[in-house]
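Let's take a walk through this model together, one piece at a time. Have the sequence and the 3D view open as you read.

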Amino acid sequence: MSVVQIKDVTKRFGETTAVEGIDLEIEPGEFVSLIGPSGCGKSTLLRIIGDLIQPTSGTATVNGKPARQARIDRDYGIVFQDAVLYDWRTVSKNIALPLELARWDRRRRVDKVKEMLELVELSGFENHYPWQLSGGMQQRVSIARALSFDPALLLMDEPFGALDEMTRERLNMELLQIWEASSSTVVFVTHSIAEAVFLSTRVVVMSPRPGRISNVISIDLPQPRTATTREEPHFFELVTAVREALHLGHDLERAPV
Amino acid sequence: MSTTPAAVQPVPRGGLGRLVGRRVVDWLPAVVVLVGVIGLWEVLIRALDVQAFLLPKPSEIARTLWDNRHELWTAGWFTFQEALGGFLLGSGLAIIVALVLARWRLLGAALLPFAIAANAIPIIAFAPITNTWFSPLNKSSKIVIAAILCFFPVLVNTLRGLTSVNPRALELMHSYAAGQAEIFRRVRIPTALPFIFTGLKVATVLAMIGAVVGEYFGGALNALGVLILTRARVFQFDEAWAGIVVACLMGLALYIAVAALERLTLRWVPSTSE
């Protein structure tokens, strides 16, 4: 059964069509990146999967359920570009928030938070407040929080977009390790071609106005990806393929009808 | 085992000194200014031979303050109770109303313009009216005027706080399938707290003004406002000034109490913990 199934989804905001006629299926264990220029509707699509906005027409299914039911069942965790940590909560308490809402008892919460802190390598920072952490550390807390209740699906909306290149590459590596360890499915929105190719099993290329899927490229780089993956010739070939797909999307849009 | 990255900022340590916020050294410049101004006041009045009814010497005010300490304390305590009662009543109601208006937006949209307009009304002008609603000798008349004065700034600030939540923070709560009650408890109210304290600090000052000025329009004989007014009428300006000093100290005490509570509550805000 697919984790995500999108059928003929269209979303309009007033006069503007954000996405149109989107069909997409994501299988368990996949790491799918949505890439495209600003305004191509990739964040809109991510929010439709998460039932944070509802499609104008078409259906979105998560784990075989309507997206709304999946949200209520807490089937996914989400990470935004900003860490969106709650300033009044310590690192531990931020990670524990979804667990509190899911009515986990205290003992289970404490154990799980400890495990998540080890996963994102932030042990020792339990009692820090968000403002005491660097941007990269804040984003790691945000990822730990999204994964704390073991969701089948992780939605990420440009999670490393605000970070510097070095932090970004390090967190890319960490994210892949977390993905392998947690065996969850990831939908990842990004602006960066290299990031999409490095992380994904599949890259979905989108074109703007209205947002459509213009190409889907399988990334057949061997797993697990390592620091040297970025130096392999095939990595560059795939980066080139995605780049060309992106420009093709642009040209089609600009071509006279 | 993985290497532990270094913290960007140290964990702030709590302590009694932190309660009011600063170390003694940090207060030194302010103390120097205070002593300097009082000294200059004393010297200028002596040098220019200013009449006592225009402005008494600080030393005279201080002596009167000491000599009449029992009477002044009784009057001050009486008025402070009115101010505190009005502050608690007005601020408490304002926070409850703000929660209701933030929860049901349509109601907020219908009523908020009036709240903002009412905030601009010189409410102290109603003091003679509340004196007729209740007996002027009764504390209630001053509590009501102080409460009305406190109500609007706390309402407007609280409402702004409750509605200025990061949209992503709300999306996150929706992704956890959290209900409105959970969103208020865990996101909106904590976000609003710094705004609420800003409103409360304004309200402390207004509460004291409401109580004292309310008493100018008639009040019990042992009230601070009445004491200041009657002494000024019979040219006992040093006593009137002593009364004003007591009013200032009471207002300051209320303000500092709220500021201390703020520091204690908002430990997560960098500016209050460092």
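In what order do the six strands of the open sheet in chain A run? The order is 6-7-8-3-9-10, and the pairing is mixed. Before going further, some ground rules: this is a predicted model, where local features need pLDDT of at least 70 and side-chain atom pairs count only at pLDDT 80 or more, while totals for chains, interfaces and linings use all residues. Residues are numbered from 1 along each chain as its sequence is written, and chains are lettered from A and ligands numbered from 1 in the order in which they are written.

Back to that sheet. Strands (E, at least two residues) and helices (H or I, at least four residues) are DSSP runs, numbered from the N terminus, and two strands pair if DSSP finds at least two bridges between them. For a look at one pair, take strand 7 (residues 153–157) and strand 8 (residues 185–190) of chain A, which pair in the parallel sense over five bridges. Leu154(A) stands opposite Val186(A) in strand 8 of chain A.

Now find helix 1 (residues 42–49) of chain A. This helix lies across strand 3 (31–35), strand 7, strand 8 and strand 9 (202–207) of chain A, and runs at about 150° to strand 8 of chain A. Angles like this run from 0 to 180 degrees between N-to-C directions, with axes as lines fitted to C-alpha atoms, for helices over the stretch in contact.

Chain A has another open sheet, made of four strands in the order 2-1-4-5 with antiparallel pairing. Its edges are strand 2 (16–26) and strand 5 (65–66) of chain A; each has a single partner strand, so one side of each is left without a neighbour in the sheet. Strand 1 (residues 4–13) of chain A pairs with strand 2 of chain A over seven bridges in the antiparallel sense, and Ile6(A) stands opposite Leu24(A) in strand 2 of chain A. Strand 1 of chain A also pairs with strand 4 (residues 57–62) of chain A, antiparallel again, over five bridges. There, Gln5(A) is opposite Thr61(A) in strand 4 of chain A. Next along, two bridges join strand 4 of chain A to the antiparallel strand 5 of chain A, with Val62(A) opposite Lys65(A) in strand 5 of chain A. These two strands form a hairpin with two residues between them, and Asn63(A) in the turn has a positive phi of about 55°.

Let's turn to helices. The axes of helix 3 (residues 91–101) and helix 5 (residues 135–147) of chain A come within 7 Å and cross at roughly 30°. That makes helix 3 of chain A roughly parallel to helix 5 of chain A (angles under 35 degrees count as roughly parallel, over 145 as roughly antiparallel, 65 to 115 as roughly perpendicular and the rest as oblique). Val91(A), Asn94(A), Ile95(A), Leu97(A) and Pro98(A) in helix 3 of chain A meet Val141(A), Ala144(A) and Arg145(A) in helix 5 of chain A. Residues are in contact if their C-beta atoms, placed from the backbone, lie within 7 Å.

Over in chain B, the axes of helix 9 (180–216) and helix 10 (residues 224–233) come within 7 Å and cross at roughly 50°. The two helices of chain B are therefore oblique to each other. On the helix 9 side of chain B you'll find Val212(B), Val213(B), Gly214(B), Glu215(B) and Tyr216(B), which meet Leu224(B), Gly225(B), Val226(B) and Leu229(B) in helix 10 of chain B.

Chain B also has a domain assignment, with domain 1 (20–50) and domain 2 (54–273); such bounds come from an automatic or database domain assignment. The centres of these two domains of chain B, taken over C-alpha atoms, are 28 Å apart. Seven residues of domain 1 of chain B are in contact with seven residues of domain 2 of chain B.

Finally, where do the chains meet? The contact takes 22 residues from chain B and 26 residues from chain A. On the side of chain B that touches chain A, helix 8 (167–175) and helix 9 of chain B each supply at least two residues, and helix 8 of chain B gives the largest share, six residues.

Terms used: Contact = placed C-beta atoms within 7 Å.
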